[in-house]
Amino acid sequence: MACPFAGSGPGMAADHSSQGAKEAVQEVPIPQPPPTMLLGNFPDMDPSFPAREIQRFADIYGEIYFLELASRTVVLSTQELINEVCDQERFHKDIPRTLLEARALTGDGLFTSAHEDGLVLKREENWWKAHRLLVPAFGPLGLRKMFDDMLDISAQMVLRWDRMGEHHAIDCSGDFTRLAFDTIGLCSFGYRFNEFYTDEVHPFAKQMADVLKMSGQRANRTVLENMLHRWEEHERQDNIKKMHDLVNQIVAERKTSPKPDAKDLLNTMLFSVDRDSGETLSEQNVANNVVTFLVAGHETTSATLSFMWYNLLKHPEAFHKAQKEVDDIVGDQVLSLDMLPKLTYIDACIKETLRLNSPIPLVSVNPKEDTSLAGGKYRVKKGDVMTINNKGLHHDPMVWGQDHNEFKPERFLDGKFQALPPNSWKPFGNGLRACIGRGFAEQEMVANTAMILQRFSPEMADLGYDLMIKSTLTIKPDGFFMKVRRRPHKSLLTGIPGGVPSEVAKKQTAEDDKGRSGAVTGAKPGQKVRIFYGGNSGTCEGFAQSLQTTLEERGVQAEIASLDSATENLSKDVSNVIITASYEGQPPDNAKKFVSWLERLGDADALKGPKLIDDKLHRLGAETIVPAGLANVKTDLLGPFDDWSDSLVKHVLGAAGAAAFDEEKPSIKVLVERTLPAKNVGDEKIGVGTVLKNDLLADVSVGPAKKHMDVRLPDGMKYEAGDYLVIQPRNPNEAVQQVMRYFGYDEHTRVRVEGSKKKYLPDTPTSIEVFLRDHVELGTPVTQRQLKTIATYTTRDDSKRIVDDDVSARLTESRYTVIDVLVEYSIDLPLSIYMDMLLPLTPRQYSISSSPLAEGHRDIASVTYDIHKSPALSGHGIFEGACSTFLAFRKPGDAVSCFVRTTNINFRLPGDLETPIMMFAAGTGIAPMRAFLQERATIARANASRKLGPALLFYGSRDAQKDFLYKHELAEWEKLGIVNVYGAHSRMPNAGTEGHPKYVQDAIWAEREQCAELFRQGGKIYLCGSAARLGQSCAEVCKKIYTEKTGKSEAEAEEWLQRVKTDRFISDVY
């Protein structure tokens, strides 16, 4: 039941030292974003999400700035300044405009009434009476009485999840709102909303959500704008009346039919007498506080739990630690009150979530008199609104370190929480207006989290989901769903109050497991296979679907699922097949949880990626069916996979089946129709952006064309410098037409596939042109296996030679496509066989080359790209890159299917802007570096008092005049002191001579003294470019500098490089 009333405790006590205790400093003006005449800064604010704009300006202006809104609003974003305004002798809590709008619903409840005179409201005695009566009710004794009811509602939720099944997508915000809402209803006033017994939310909950959203929007509009939304205000007032009617009914029923044994708060509010005034609360004030508890508690608790589960599922190591804690302390027992204090890691996960994703983003206080901050540096006046920006506070690198953006529950363990500077952690507000329900919220969240971890193995429903946020009076995740699977050896009633005893449950679970095991054991050996895939692009999933089809065609039952779903779920009774990729040694998004779980089993392993999985499973006792197959995606991916999958299939089928398999041909069926095409339906996860600009950047006489594109992002999509824009390409028109010409079809032909599990092959009539253009890769090199299949469809000796070693080697090395082979050797291959050979067309990822802080780029992302076009190595026409060619011809106004992917390698500017940075890039690898520099330039221009650390850019191009990307922009930033640029131009006549480095590594070596000193000062290195060229050469020169400066050996230099790669030498290579 967290809400913006602060509380006492570690990291929250006010520091009462006054500004006079500090040495006086020169006063400086508080910066302000440029206002608009008459409207001030109102046009800068998004009424649907004001906190986002508050933080965006904080990123630009730093620790303090002001906005001209309904009143002068001063925003604070550092612990040092926020600690000062938490001094209740100098600053007090006035009711901000947001809560004044909510007062239409909650009246003089604790949330929205005044405890002392303010600018709008005068002191209300009802606040003091309710506060004195309710603080004890939320104390330890009161909370103990509520525990059983909390467990009751949590049990309803986990049983519902269990019965819905492991494939049901759970709306986290929705279900945790039901949980918090029903818990408050039962514990506060003995009312059961019973939301887990219906598919629809209770009308009261929906009405409340609508009222809170409208109230928040009203608070961030001008008076004139609100007058124009009169129809919305009528709807708001109608909802408020319906809510009050229900609450008044509940209060009246308790008055007329008392329940003296009830443990809820309603008895306290109705019948207890305030010790100071000698009065009870009025029925209206009781009703207002009932609504207040529902508003304050359900919003923030549900948001915190949703954020926490997002964080746990994105950080599998923390998830497994939390689950182990529950296994060790709770086991299969029903959770009891005495267990809660022992669940310290879960408590730390909740606290870290409240730091990282505080549902209450802003808290305000007001100066009691004109005063100053920071020892006289900033002057503020009595009428100012001092807004505490919780995100800025909770991400202050001076308190939380350079890793403040990372989820690390350990920050709150082993005395670290108690050692925080005062007022470093403020999710529950400040001072006397503290959230009196903090203990209630923490008890409810710890208990519910423990029950989920005890019973389930959760995973994200959309494994590629990145956090999106929506705003009402609080903030919460938007569109976040997860799935849960009951863990092995857990019964339906494990941990449920009033369920069967744990020993009986264990016995029944064992019998169930035995029954399931017997069903499998009785099957024919090798006739059931589970295929798990891990990958970010869809290729591994496509391989899994292909293998599933191959096995099922031969009578083998095959299931496919993400690799994360194999966590605690590898069966000894069937064959488990794993197909996975790795990215710079890191697991893909849908395999992180599995890899983390595997790493916690047995001894530590120095390997990474697929090699780690293979080695770890082998050392844990798993039996190898066929040796692991490994492929390098930059050379030949399909060939090794074909060879490996063939050996796997043959092993599963046995000797007789393997012999038949060698003689078989693919058996999918393609139905061809001639009619008008149906509309193509794209991937639901990808939104539609709009091209605003697509400009040529470089002279094509020295290399591939390079372009800069600005894209207005799909609605609601946000990004940060260092993120990627993922774009769904289309195949070049000539490649599509070549295939259609070969098979003799035109744009009116439609195709439909039967007998395949591959999701990217059309199972409904689809235009063949749309299918070839939008759904499959046409430029993938042919594999040895495909050549063998193709050879079976020709009777001519010259064509059959494609399987000879020398010919097949030439074809694969020259990157012939399947269609190239068919055309050159005049082979008549059926369309069904050709389609079955194709891989899904996967999205391409581009580093974003802009910062959302830059003017005009809040929802506009830039990409910088090469256009890949050159004579095909096969000699068959021109090779055109699918995505770059598609982008090259986009015009302003054109649509592109895209989404933002958060960096997976912490490719972010340091949280402390004074940290030195060194950037290594070549060609279009300058993209993320431009984003970083654009952000630094925006900050410097907005607030000259903000100090930026040194920044060096080492950039490689062919020619200083022809393809030095963003040359003039970089020169301007260099004049402003944003960066020092060191160019290396490989095709200039003087390249390689003294003072004219040829390659990036040469420029770095020439500036090694400066680089070494900046690194010694804590500087960070960022690299973007080719792994084989720029990545390797820059790594070598850095090791060379290290050995020169330290006298260490090459082996020690390599060890040093591997250590710093985790956080100070960050590479984004391809």
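This is a predicted model: local features need pLDDT of at least 70, side-chain atom pairs count only at pLDDT 80 or more; totals for chains, interfaces and linings use all residues.

Modeller: Residues are numbered from 1 along each chain as its sequence is written, and side-chain values use heavy atoms, with hydrogens and water left out.

Biologist: Why is the pair Tyr310 and Tyr465 called edge-to-face?

Modeller: Rings of Phe, Tyr and Trp (its six-membered ring) pair if their centres lie within 6.5 Å; planes under 30 degrees apart are stacked, over 60 edge-to-face, the rest tilted. The centres of Tyr310 and Tyr465 are 5.9 Å apart and their planes stand at 80 degrees, so the pair is edge-to-face.

Biologist: Which parts of the chain does that pair link?

Modeller: Distant ones: Tyr310 is in helix α11 (residues 283–314), and Tyr465 is in the loop between β9 (456–460) and β10 (469–471). The two are 155 residues apart. Helices (H or I, at least four residues) and strands (E, at least two) are DSSP runs, numbered from the N terminus.

Biologist: How do you know whether Tyr310 is buried or exposed?

Modeller: Buried means under 20% relative accessible area, exposed over 50%, partly exposed in between (1.4 Å probe, protein chains only). Tyr310 has 10%, so Tyr310 counts as buried. Tyr465 has 8%, so Tyr465 is buried as well.

Biologist: What makes the pair Phe412 and Phe417 tilted?

Modeller: The angle. The planes are 55 degrees apart, with 5.3 Å centre to centre. Both Phe412 and Phe417 are buried.

Biologist: How many aromatic pairs does a search of the whole structure find?

Modeller: The search finds 37. Ring pairs also link Phe181, Phe189, Tyr191, Phe193 and Phe204 into a cluster.

Biologist: What puts Arg72 over the face of Phe66?

Modeller: A charge sits over a ring if NZ of Lys or CZ of Arg is within 6 Å of the ring centre and within 35 degrees of the ring normal. Arg72 lies over the face of Phe66 at 4.3 Å from the ring centre. The charged end of Lys1040 sits over the ring of Trp1005, 4.2 Å from its centre.

Biologist: How does the span of α5 compare with the expected one?

Modeller: The expected span is 1.5 Å times one less than the number of residues. Helix α5 (residues 140–164) has 25 residues and reaches 36 Å from its first C-alpha to its last, close to the 36 Å expected.

Biologist: Where does α5 bend?

Modeller: At Met146, by about 40 degrees. The bend is the angle between axes fitted to the seven residues ending at a residue and the seven starting there. Just after α5, Gly165 takes a positive phi of about 95 degrees.

Biologist: What makes Ala374 stand out in phi?

Modeller: Most residues other than glycine have a negative phi. Ala374 is not a glycine, yet has a positive phi of about 55 degrees. Ala374 lies in the loop between β6 (371–373) and β7 (378–380). At 17% relative accessible area, Ala374 is buried.

Biologist: Why is Arg815 called partly exposed?

Modeller: Because its relative accessible area is 41%, Arg815 is partly exposed. Arg815 is in the loop between α26 (805–813) and α27 (818–824). Arg815 also has a positive phi of about 55 degrees, although not a glycine.

Biologist: What counts as a cavity here, and how many are there?

Modeller: On a 1 Å grid over the protein atoms alone, a cavity is a set of points where a 1.4 Å probe fits but cannot get out; lining residues have an atom within 4 Å of a point. Grid points are joined across faces, edges and corners, and a volume is the space filled by probe spheres set on the points. The count comes to five cavities of 30 Å³ or more. The largest cavity holds about 100 Å³ of space.

Biologist: What lines the largest cavity?

Modeller: Its lining includes Leu313, Lys314, Pro458, Glu459 and Met460. The elements that give two or more residues are α11, β9 and α19 (592–599). β9 gives the most, with three residues.

Key:
On a 1 Å grid over the protein atoms alone, a cavity is a set of points where a 1.4 Å probe fits but cannot get out, and a pocket is an open set with protein on both sides within 12 Å along at least five of seven lines; lining residues have an atom within 4 Å of a point.
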